[in-house]
Amino acid sequence: MCSSDLAGLAQIRAPRHALFLGSYYGYWAHWAAPAIVAAGGRITLVDPDPACCDLARRNLAANGLVACVDIAVTRGEPYLAASRDTYDFVVLDAENPRDHADAAQRGKRVYHSLTRACLPHMASGALFVCHNILFTDMTGDPAFASVIARNRDELGPFAGLLADAFGPFVEYRTTEGVGVGQFTGAPCAERW
């Protein structure tokens, strides 16, 4: 999925409240923001890095998009634990260091805890987009084998959680791997 695909999804869905977990400097939010703002929606960016959040704020302000954006400098789990908001469009692109003190939080393993924290805040039918979840190599390039093996290890519990709450959830096959699903709150007949 490229940035214009995310912009297209935002335009089609016209979300009322979008959440970007692991928003970094606002790259993905920047592409979706024009459609969300045009639909009268709000955007919340959550990232624990203050420098990245400051850069996101400046980037969005430079393009006239900051008025409808809230930026939270914190980890997603405590933010969601304190929030009463509901989201109908969620983009997940977080990653912890692979030497994180908590083994369950290393690398992309953080997707499991972030998704679990997000589920009570998702509107029925909410669109859920996850970046960097490559499970399938369509190129035949052996360089992808180690990335896929690491993803299968790190994202196993996350994949199980998706199967229990999203139907369908599909991997949009790119060299990075992007997942897109619709929140149903019920197990999917076909496991992802």
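Let's start at Pro50, which sits in helix H3, residues 50-62. A reminder before going on: this is a predicted model.

Is Pro50 buried or exposed? Its relative accessibility is 54%, so Pro50 counts as exposed. The cut-off for exposed is over 50%. Now take Tyr25. Along the chain, Pro50 and Tyr25 are 25 residues apart. Their C-alpha atoms are separated by 9.7 Å.

That brings us to the aromatic rings. How many aromatic pairs does the count give? Eight. One of them joins Tyr24 and Tyr25. Centre to centre, those two rings are 4.8 Å apart. The angle between the planes is 55°, and the pair is tilted. What about exposure? Tyr24 has a relative accessibility of 47%, so Tyr24 counts as partly exposed. Tyr25 has a relative accessible area of 32%, and Tyr25 is partly exposed too.

Next pair: Phe166 and Phe183. Why is this pair called edge-to-face? Because the planes of the two rings stand at 65°, and the cut-off for edge-to-face is over 60 degrees. The ring centres are 5.6 Å apart. Look at where the two residues sit. Phe166 is in strand E6, residues 166-172. Phe183 is in strand E7, residues 178-183. So this pair ties together parts that are 17 residues apart in sequence. Both Phe166 and Phe183 are buried.

Back to the tyrosines. Tyr24 and Tyr25 belong to a cluster linked by ring pairs.

The largest pocket has a volume of about 400 Å³. Its lining is made of 27 residues. Which residues are closest to the centre of the largest pocket? Gly22, Ser23, Asp47, Asp93 and Ala94.

Which elements give two or more residues to that lining? The strands are E1 (17-21), E2 (42-47) and E4 (87-92). The helices are H2 (27-38), H4 (76-82) and H5 (110-118). H2 supplies the largest share of the lining of the largest pocket, at three residues.

Last point, the make-up of that lining. By type, the residues of the largest pocket's lining split into 14 nonpolar, seven polar and six charged.

To recap. Pro50 is exposed, at 54%. Phe166 and Phe183 are buried.

Key
Residues numbered from 1 in each chain as written. Predicted model: local features only at pLDDT ≥ 70, side-chain atom pairs only at ≥ 80, totals over all residues. Heavy atoms only, no water. Helix = DSSP H or I, 4+ residues; strand = E, 2+ residues; numbered from the N terminus. Buried < 20%, exposed > 50% of the residue type's maximum accessible area, 1.4 Å probe, protein only. Phe/Tyr/Trp six-rings, centres within 6.5 Å; stacked < 30°, edge-to-face > 60°. 1 Å grid on protein atoms, 1.4 Å probe; cavity = no way out; pocket = protein on both sides within 12 Å on 5 of 7 lines; lining within 4 Å. Points joined across faces, edges and corners; volume = space filled by probe spheres on them. Nonpolar A, V, L, I, M, F, W, Y, C, P; charged D, E, K, R; others polar.
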